[in-house]
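Trainee: I am new to this structure. Could you walk me through it?

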Amino acid sequence: MSSSYTIEIESAVPAPRLFKAAILDWHNLTPKIASDKIVSAAPVEGDGNVGSIRQFNFAPGLPFSFVKERLDFLDVEKCEAKSSLVEGGGIGVHIESASTHIKVEPKAGGSVVKVTGTSKPLPGVDVAGESEKAKAAFTGLIKGCEAYLVANPDAYN
């Protein structure tokens, strides 16, 4: 049985700029703004388009050491992307599969980030509470990107 969560995160940053920083260039920006959680990140396959894979390496003490995600869908004009976890992050240990659908929409004075995460736990594995952890982590990353963009008004224009 799959489980899912949905979250909406409001931001003072315009949608195209936030999408570029937080989604398209996440592998470069996140280690700068959340180095206590993500120590490094890099593309491992592809050119950044659909089918590309990025790896994120986490700080010691976090539940897993790395994740690899594949970009399954990308519409830069509509600020929308979908990715799937392909390795690490509990794949084969706690979950069979996981995906995230992100859409950044314009909103007066900024934008709203709409995220839907779906995962399929392995049989017999209890993932209660994982959705709340995922929501908190995603909110923290978006707010970190927002703070970086507000402090650096010429970045990602």
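Trainee: In which loop is the place of C79?

Mentor: First, the ground rules. This is a predicted model, where local features need pLDDT of at least 70, side-chain atom pairs count only at pLDDT 80 or more, and totals for chains, interfaces and linings use all residues. Residues are numbered from 1 along each chain as its sequence is written, and side-chain values use heavy atoms, without hydrogens and water. Strands are DSSP runs of E, at least two residues, and helices are runs of H or I, at least four, numbered from the N terminus; C79 sits in the loop between β4 and β5.

Trainee: Is C79 buried or exposed?

Mentor: Buried means under 20% relative accessible area, exposed over 50%, partly exposed in between, with a 1.4 Å probe and protein chains only. C79 has 5% relative accessibility, so the residue counts as buried.

Trainee: What is the phi of C79?

Mentor: C79 is not a glycine. Still, its phi is positive, at about 55 degrees.

Trainee: Which strands are the edges of the sheet?

Mentor: Two strands pair if DSSP finds at least two bridges between them. The open sheet has 7 strands, paired antiparallel in the order β1-β7-β6-β5-β4-β3-β2. Pairing on one side only marks the edge strands, β1 (3–11) and β2 (38–45).

Trainee: Which residue is the bridge partner of K82 in β6?

Mentor: Strand β5 covers residues 80–88 and β6 covers 95–107. They pair in the antiparallel sense over 5 bridges. In β6, K82 has as its bridge partner H101.
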